[in-house]
Amino acid sequence: MSGSKTPALEGGRPPGEPRRIGWLYVLPALLVYGAFLLWPLVRGAQFSLYHWDGLGTATWAGLSNYTATWSDPVLRGAFGHLLVLVAFYAVLPCCIAFVLVGAISRTRIRGLTFFRTVLFLPQVVAMVAVAVAWQWVYSADGPVNTVLGWLHALGLPDWRRGWLGDFTFALPAVGLVGTWVGIGLALVLFLAGAQKIPRELYEAARIDGAGPVREFLAVTLPGLRRELAVALTLTTIMAIRNFDLIYMATGGGPGDATKAPAYEVYNRTFNTGEVGLGCAIGVTLAVLAFAATAGIGRLVEGRDA
Amino acid sequence: MSARSERVLNHAILGVFAVIAVFPMIGVVAQALKLPGQVDFSTFGTAWREGHFGTYLRNSVIVTGVTVVLATVLSIMAGYALGTMRFRGAQALFLLFLAGLTIPTETVVVPLYFDLRSVGLDNTYAGLIMPQVAMSVAFGTFWMRAYFRSVPPSLLEAARIDGASSWTTLWRVLVPVGRPAILTMIVLTTMWTWNEFLLPLVIISSDEGLRTAPLGLSFFQGAHKTDYSLLMAGALIIAAPIVIVYVFLQRQFIAGMLSGAIKE
Amino acid sequence: MPTLRSRGAVAAAAALVTALAAACAPGSSDDKPESKAPAAVSTDVAKAGNVTLTVWDQEVQGGLKEQIEKLNAQFQAKYPNVKINRVSRSFTDLQKTLRLALSGGNPPDVVEANQGYASMAQYVKAGMLLPLDSYDQVYGWKKRFPKGLTDLNSVTDDGKLIGSGKLYGVSLNGEIVGLYYNKEKLAKLGIQPPKTWAEFDQALATAKGKGEVPIAFGNVEKLPAMQLYGVLQDGQTGKEAVRKLVFGSGGSWTDAPNVQAAQKLADWAKAGYFTKDANSIKWDDTPANFAKGQGVFMFGGTWWAPDLNDRMKDKVGFMLPPPAQAGAPTATMGGESLPWSITSKSKHADVAAAYINFITSPQAMDVAVEAGSLPVLPASKQPDAPLLKEVASAWTELSKNDGTTPYLDYATPTFTDAFGGPLQELVAGKTTPQQAMKKAQDDYSAFQKKK
């Protein structure tokens, strides 16, 4: 580590001598990255300081677009919906997956590869196609209402409704699609993590007379911290970036019931001509995504950021 | 509880969730084929013709292919330098790329649109490809750096003693050895690029001939709201390529996502 | 090496600030497209060389699609040097994409740009559409169409006033939002097509009592409720008041008759007169459901007529919404279909003008009739199908009475969300008529102030 000025930042020791040629290798990637991701980020921050309809001339707005993200009731509502969506996209799948893994981690599982493949499938299907599929699931004669119809025939109240057009249920209905996508991811992650927990720990716990619950709390849960952090991060970001589903399935309706910030970025910019406001929401989303990534890692893993 | 009954229970739980995971998709297939009662492949033909899915798939192949090739080459080079060389600013560069992992498309899509438009890159392949290369490079550099750091120093040492230049060492020694890591990266980048919707929605605003598959599906939905079987056929057409790749390379998909890919 | 490091940070920050300052503020000065002198207009399409004309329309349904396909084929047969690249998408998709496409570097040549402050006025203000006055002097469009119709397609340069300024488009079809009814069901229920609002209310109650869906209604898009509200509003207040209100020259959405119209909508929703869960049924599904027998009545535009005629033959009837007193003239929303406009960046404006002249010519009106759609001007041909005959006579009657009122979404750029959203709540019983109308007025007055 001789000659290193900042050992804390350096991490492990890269082999070889200091080489300026390194810059040449990084340069092409850096140029593309800088021009097409970092520069737009800077420009987005700049746009967010203007009032602009996207067509004519812009006027200076200061921070008023940012105050609008909180004072505009529709946008405040949209950020509120984001919280609900995070619960459905991130918290719920992780909880369900945890319970399941707790139940099944005590034994080896045959055919795990098959289950993994199937459970993970929702992750790889384009969200646009998922949205089309779920519109059918929720439709008037779709499977959800069909099953509820059977229950009604058995004497239960009639719960059938137009789920995606219902002021109360549209947001949870959208959220459940996220739960559906997220559960497989969390379950596969936790299963993989649980398989890595040494068998001896379980055996030791059993010799100590631990039941399933104590075994879960003492062995499984601590062993899965890293996987939990990854699952929470991925699913939270998915909730934050929830554009495709809302655009395709509800368009933010009924009323403003399913408007989420990611949708409002597009809606404000290109439908109602409030480009500065759209950019301000976009920048806010970037901050939220960054905070979620850093925050969850710190919270769950206890690692320093 | 006996071990045997426990095993049965485990499989039952996994089975139930597996069914939940595939249920909407089975519904989609059933609707598209007009099951039960008949097996009718004609909806696919109709969807294909009326929805111009041939054009859309071709565009998606072009955009995804070019994006993945460019991003892979750039990421390997950058990851190589950041993982094996020491030079001033390397750490800062790494953090810079890392920061890009959390930037949502939603944040950059608006300025991208207006700036690409002012240089005439809206409604072009380039305007669609370059931003996606940039996003993929953020992940790719992070990913490849991790791989190159895991390469045993002795390997690099040996190459150097043989007199290989850094360039030769990279492409002749390290890349062949790192095929699994590179494959994982390619698979993930392919999936993200293929499934991307917001960027083409905004960048391909007027040229119908450049629409990618997900964008095509959204317009198809606009025109065929009432016809579920046709819509489902369209959804299947655009989802199928990635699902097929996934079935064959599921190990790479899952490994990549499990290692904490922060994107999406 | 802290000094070097912090120096680097300062340098980077300085570079960023410089870059930000150098980067131009978003937006450009709006230079208005100049329309050329009438003398410079070339009407000789054959001499234009090989031209590909990109045309964006929203004629995706039944007879509307058929008429435009025929007209395009005829135009291309007449001028083999012109190739029409037709891009058609649903009304909703066209609304969503047109703004982006027009502001892009290479917009289509001809577009159907919706009237109103949400669309045409904004595009004009931004200089995206070509003023057609010089073409009008050559082709005589203002003589071809009545003033009421050309006014709807005219805007001042600053986009502030619809109805004056320059002409930006001409239309091919007429439109009315009227009342469709299922003749079979009416006969079974023993009721006649209503002649007054009171009769209509009675008919709805009868239908409900017999277990029918009185009004087929689908309202995912928010616009359907705005059209339904508009019909009710036209029944409560005078046409002049509605026109003034929509075009921003007087009145308030919270005026008593406007609130009463909302009250009526709420009452109907509460009485269960609409299709169940209307907010989750898509607009285009409504006529499909109606044709399947779900619904005794349906409010809808004449753009659905060709399709319904194919599906229901003589089982379906069409009429203007009933007046307050029997025999009195009715007013309802409608007028002309989306105007065909030329974009200011089009390189083939002369050819584009010849094209829109061709597809709005008297011959084109006949093609429209043949295809089963409603031409905006009287045609020499008459439709055969009973439904289309009813549509045509309703149009004649409405034109005679000068009874068309503008669509409400013309009022402000954000009205579909700002008023359509509360109307969805009203349909779901989640808000009161007063609150819904207050939200409409809030959005409206904010826009009037900004304008």
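**Figure 1. The contact between chain A and chain B in the predicted model.** In this predicted model, 83 residues of chain A are in contact with 81 residues of chain B. On the side of chain A that touches chain B, the element that gives the most is helix H2 (residues 21-47), with 17 residues. Sorted by class, this side of chain A holds 62 nonpolar residues, 13 polar residues and eight charged residues.

**Figure 2. Close-up of helix H2 of chain A packed with helix H3 of chain B.** Two packed helices are described by the angle between their axes and the distance between the axes. For H2(A) and helix H3 (residues 53-84) of chain B, the angle is about 135 degrees and the axes are 8 Å apart. An angle counts as roughly antiparallel over 145 degrees and as roughly perpendicular from 65 to 115 degrees; H2(A) and H3(B) are therefore oblique to each other. The crossing in which H2(A) passes H3(B) is left-handed.

**Figure 3. The residues that meet where H2(A) and H3(B) pack.** From H2(A) come A:Gly22, A:Tyr25, A:Val26, A:Pro28, A:Ala29 and A:Val32. They meet B:Leu74, B:Ser75, B:Met77, B:Ala78, B:Tyr80, B:Ala81 and B:Leu82 in H3(B). Of the residues in this contact, eleven are nonpolar, two are polar and none is charged.

**Figure 4. The helical fold of chain B.** Chain B has twelve helices and zero strands, so that its elements, read from the N terminus on, run α-α-α-α-α-α-α-α-α-α-α-α. Along the principal axes, the C-alpha atoms of chain B fill a box of roughly 70 × 70 × 30 Å. Chain B has 264 residues, and 57% of them count as buried. Among the contacts in chain B between residues at least 6 apart in sequence, 80% join residues at least 24 apart.

Figure 5. An unreviewed UniProt entry lists residues 21-42, 78-101, 113-137, 169-192 and 275-300 of chain A under "transmembrane region". Residues 169-192 of chain A are 96% helix and 0% strand, with 34 Å between the end C-alpha atoms.

**Figure 6. A cis peptide bond in a loop of chain A.** The peptide bond that leads from A:Gly253 to A:Pro254 is cis, and its omega is near -5 degrees. A:Pro254 belongs to the loop between helix H12 (244-249) and helix H13 (261-271) of chain A.

**Figure 7. C:Asp277, a residue with a positive phi.** The phi of C:Asp277 is positive, at about 55 degrees, although this residue is not a glycine. C:Asp277 lies in the loop between helix H12 (256-270) and helix H13 (285-291) of chain C. A residue is buried if 20 or more other C-beta atoms lie within 10 Å of its own; C:Asp277 counts as buried because it has 21 C-beta neighbours inside 10 Å.

**Figure 8. C:Asp402, a residue with a positive phi.** C:Asp402 is not a glycine, yet its phi is positive, at about 50 degrees. C:Asp402 is placed in the loop between helix H17 (386-400) and strand E11 (404-405) of chain C. The limit for an exposed residue is 12 or fewer such neighbours, and C:Asp402 counts as exposed because it has 11 C-beta neighbours inside 10 Å.

Notes. Residues numbered from 1 in each chain as written. Chains lettered and ligands numbered in written order. Predicted model: local features only at pLDDT ≥ 70, side-chain atom pairs only at ≥ 80, totals over all residues. Contact = placed C-beta atoms within 7 Å. Helix = DSSP H or I, 4+ residues; strand = E, 2+ residues; numbered from the N terminus. Nonpolar A, V, L, I, M, F, W, Y, C, P; charged D, E, K, R; others polar. Axes fitted to C-alpha atoms, helices over the stretch in contact; angles between N-to-C directions. Parallel < 35°, antiparallel > 145°, perpendicular 65-115°, else oblique. Left-handed = near helix turned anticlockwise from the far one by under 90°. UniProt positions renumbered as here; feature names shortened; annotations may be inferred.
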